[in-house]
Structure formats: structure tokens, C-alpha cells
Amino acid sequence: DEVMVSLEPVRADVLGRSRDAADTSVMKDGKPLLERYGGDMNLETVVESMYDKLVEDPRVRFHFEKAKAKQRQIRRKMYQYLSGAFGGPVQYDVKQMRPAHYNMNITDYHFDVVSELFQRASKENGCEAEAMMDAAIVVAKVRADVTTGCVVRMELAKKKNAQDGMDQLFQRLGGLDGVMAMIDRLYECVERDKRINMFFEGAKLQTLKRQQTDYIIATLGGPADYRGRTLE
């Protein structure tokens with residue numbers, strides 16, 4: 001199963017579908033996308049602006065709020081990848097993209113947020129609309145490389161739950177005592193996390209915690225009857 005999930009993203013390349021579209025997007029009217037993006041200096045400015053937005057965005061901040069030295073490294077690699085992908089000198093080996101992100105639990109949701117903020121930073125730095133559309137096509141090529149690790153783990157977990165039943169997960173977590181201890185620890189972390197603790201304050205905190213506890217226990221296959229609002 002893991003092999004099948006891992007190989008699925010190369011289907012389009014084997015069939016010759018996505019690569020042509022991306023290559024066409026890189027070069028138009030004799031100009032590479034890098035040039036149409038304002039050159040290396042403007043692309044570097046776009047990446048810096050995007051990263052500043054990433055560390056402020058609660059949807060993805062966890063992945064980018066690192067020590068200053070690590071942030072500089074990530075910024076540099078983002079710029080190096082984009083510069084090469086946009087038709088400039090290749091400075092980043094794209095084959096490293098998948099192993100570098102495999103254990104990061106990055107979902108399509110996270111990838112979409114990064115793409116959104118890249119587009120916003122591009123617009124703020126004067127990039128033309130057509131170039132931005134082409135950039136989105138090029139960036140989309142690495143979606144599978146960035147998200148495959150999380151997809152594999154999710155698919156394997158779904159299969160195990162389907163085979164063994166959800167209650168096996170509840171028992172592996174230590175039953176009711178183990179899950180309650182996990183939730184107590186979760187709320188300790190939530191109360192200290194400035195990114196989200198404003199949503200968990202006030203007189204209704206205990207009611208909210210009780211409802212979320214019932215939901216988590218029921219979702220994990222435990223003996224709880226969740227009667228709160230639907231999450232749809």
C-alpha cells in the first residue's frame with residue numbers, strides 16, 4: 001500500500017500530461033518565467049515576503065516558526081528551488097523534495113495555504129497576473145512530493161482501522177484513562193499557545209472541553225456519546 005501511494009504522484013509524468021503544461025508555463029514568448037517575475041532579485045523579495053506571512057499565519061505557522069538560522073536556510077532553499085523551476089540556474093535538487101518533507105505531516109490544506117501566500121506576496125511585489133498563473137502551475141508540480149508522506153500515513157491508518165476496528169486505537173492509547181490524560185495535556189498546551197488560546201477562554205471553557213473530550217473519545221472508538229454540534 002505504501003509503495004502504491006508513493007508511486008501514484010508520478011502517474012501524470014509517465015503519461016506525459018503535467019510536465020508539458022509546466023514546461024509551457026516556464027517559457028513564453030522567449031522569456032523564462034524567472035525573467036517575467038522580475039528576475040532573481042524580485043523573486044528573492046517575493047520569497048522573503050511570503051515567508052514573513054507564513055510565520056504569522058496560524059494555519060501553517062507551526063511548520064515555519066523556527067530558529068533564525070533554520071528560517072534563513074528554509075528561505076534560501078525556497079528561493080533556490082523556485083529560481084531553477086522558473087527557468088534560472090538549477091540550485092536545488094528537486095529529488096530531495098520528497099525525503100525532506102516526508103515526515104512533516106504536510107497536507108494539501110497546508111500546501112494550499114503556502115501557495116496562497118506566495119501568490120499574495122507576488123502580487124504585492126508587482127508580478128504580472130499571467131506570470132503568477134504560470135507560477136502556480138509550476139509550483140503545483142511538487143505538491144505530491146511535499147504531501148506524500150502524510151498521505152501514506154493517513155492511508156495506512158485508515159486501512160488498519162478498517163481491518164481491526166476503531167476501538168483498537170482507543171485501547172492502544174491506554175483506554176479511557178490514557179485518552180483523558182492525553183486531552184488534559186492537550187489543553188495545557190492549548191492554554192499556553194498564543195496562536196489559539198484566545199478561542200479557549202471564558203466561562204464556557206469547561207463545557208467546550210467536555211464536548212471536545214466526548215468527540216475525541218467517540219472518534220477514537222471509545223465509549224462516549226457526542227451530542228454537540230456537527231463539524232460539517
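Buried means under 20% relative accessible area, exposed means over 50%, and partly exposed is in between (1.4 Å probe, protein chains only). Keep those cut-offs in mind for the whole tour.

This is a predicted model, in which local features need pLDDT of at least 70 and side-chain atom pairs count only at pLDDT 80 or more, while totals for chains, interfaces and linings use all residues. Residues are numbered from 1 along each chain as its sequence is written, and side-chain values use heavy atoms, with hydrogens and water left out.

**Stop 1: Lys28 and its partners**

Select Lys28. Lys28 is partly exposed, with a relative accessible area of 25%. A salt bridge here is a side-chain nitrogen of Lys or Arg within 4 Å of a carboxyl oxygen of Asp or Glu. The pair links distant parts of the chain: Lys28 is in strand β1 (residues 27–28), Glu130 is in helix α10 (residues 129–140), and they are 102 residues apart. Helices (H or I, at least four residues) and strands (E, at least two) are DSSP runs, numbered from the N terminus. Glu130 is partly exposed too, at 47% relative accessible area.

Lys28, Arg36, Glu130 and Asp134 are linked in a network of salt bridges. Side chains of opposite charge can pair when their charged atoms come close.

**Stop 2**

How many salt bridges does the structure hold? There are 15 salt bridges. Two of them come next.

Select Arg59 and Glu116. Their side chains form a salt bridge, 3.2 Å from N to O. Arg59 lies in the loop between α5 (39–54) and α6 (61–64) and Glu116 in helix α9 (residues 108–124), so the pair ties together parts that are 57 residues apart in sequence. Arg59 counts as partly exposed at 30% relative accessibility. Glu116 counts as partly exposed at 32%.

Now select Asp112 and Arg143. In this salt bridge, the closest N and O atoms are 2.6 Å apart. Asp112 lies in helix α9 and Arg143 in helix α11 (residues 143–164), so parts 31 residues apart in sequence are tied together. Asp112 is partly exposed, with a relative accessible area of 39%. Arg143 is partly exposed at 25%.

**Stop 3: helix α13**

Select residues 175–192. This is helix α13, with 18 residues. The expected span of a helix is 1.5 Å times one less than its number of residues. For α13 that gives 26 Å, and its end C-alpha atoms are 26 Å apart, which agrees.

Which residues of α13 are buried? Colour Gly175, Val179, Ile183, Tyr187 and Val190: these are buried. Seen down the axis of α13, the buried residues fall within an arc of 115° (taken from the directions from the helix axis to the C-beta atoms), so they line one face of the helix. Their cover includes α12 (167–172) and α14 (205–219).

Turn to the face away from the buried side. It carries the exposed residues Asp177 and Arg192. Arg192 has 55% relative accessibility. Leaving aside its neighbours within four places in sequence, Arg192 is in contact (heavy atoms within 4.5 Å) with Arg185 and Asn197.

**Stop 4: Ile196**

Finish at Ile196. Ile196 lies in the loop between α13 and α14. At 32% relative accessibility, Ile196 counts as partly exposed.
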